[in-house]
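Notebook open: today I'm looking at rings and helices. I'll jot down what I looked up as I go.

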Amino acid sequence: MLSLLANSESVTAVELNPIIVDIVRSYGDRTGNLYSRPDVNLFLDEGRNFISRSPDRFDLIILGFVDSWASVSSGGLALSENYLYTTEAFEDYFAHLTDRGAVVFIRWQTDIPRLVTTGAAMLERRGISARDVGKYISILLEEEPRPHEPAAMIYMLRRMPFTEQEAMKLRR
């Protein structure tokens with residue numbers, strides 16, 4: 001929805017759970033008939049599998065809280081890796097960006113170290129020196145977290161380094 005509000009010409013939406021699609025559709029006008037719009041291309045699929053098969057390149061790939069802590073608190077992920085956040089997954093996302101594109105993760109602040117190290121490892125595999133990887137990464141922190149909830153953040157990994165002007169604009 002935010003992409004459409006920002007005047008994107010088209011949006012590719014990938015949703016794993018058909019129940020979520022049904023719920024969004026059931027709200028009709030209250031959601032702007034989001035999944036019925038001609039500028040929204042909806043795919044029922046798992047995000048990483050979708051991106052790895054797609055021939056398309058994207059200006060922006062957004063993974064916004066695409067998994068939950070419910071499985072963590074139940075011990076459900078205790079023995080399994082989440083393949084959305086591996087170096088190989090970052091390679092898939094990065095390979096499908098346009099020249100000025102970015103992959104954006106909206107996560108909890110506690111995830112920053114993993115995202116930064118995974119992004120840095122992927123960039124280094126691509127020949128970017130360790131001292132320069134920070135030019136490709138930006139992290140925006142939630143200034144006023146909600147009570148009793150962990151603070152959120154936005155992690156951006158760009159295909160091109162951020163310019164000094166872009167970095168200053170993000171700081172503001």
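Before I start, a rule for myself: a crossing is left-handed if the near helix is turned anticlockwise from the far one by less than a right angle, and right-handed if clockwise. Helices here are DSSP runs (H or I, at least four residues), numbered from the N terminus.

This is a predicted model, so I note that local features need pLDDT of at least 70, side-chain atom pairs count only at pLDDT 80 or more, and totals for chains, interfaces and linings use all residues. Residues are numbered from 1 along each chain as its sequence is written, and side-chain values use heavy atoms, with hydrogens and water left out.

**Helices.** I looked up α5 (residues 87–95) and α6 (residues 112–125): they pack at about 65 degrees, axes 9 Å apart. Axes are lines fitted to C-alpha atoms over the stretch in contact, with angles from 0 to 180 degrees between N-to-C directions. I call α5 and α6 roughly perpendicular, a word that covers 65 to 115 degrees. Their crossing is right-handed. On the α5 side, the residues in contact (heavy atoms within 4.5 Å) include Phe90 and Phe94, and on the α6 side they include Leu115 and Met122.

**Rings.** I found eight aromatic pairs. Rings of Phe, Tyr and Trp (its six-membered ring) pair if their centres lie within 6.5 Å; planes under 30 degrees apart are stacked, over 60 edge-to-face, the rest tilted. Phe43 and Phe50 are a tilted pair, 4.8 Å between centres and 45 degrees between planes. Phe90 turns up again, in a cluster with Tyr85, Tyr93, Phe105 and Tyr155.

Key: Helices (H or I, at least four residues) and strands (E, at least two) are DSSP runs, numbered from the N terminus. Angles under 35 degrees count as roughly parallel, over 145 as roughly antiparallel, 65 to 115 as roughly perpendicular and the rest as oblique.
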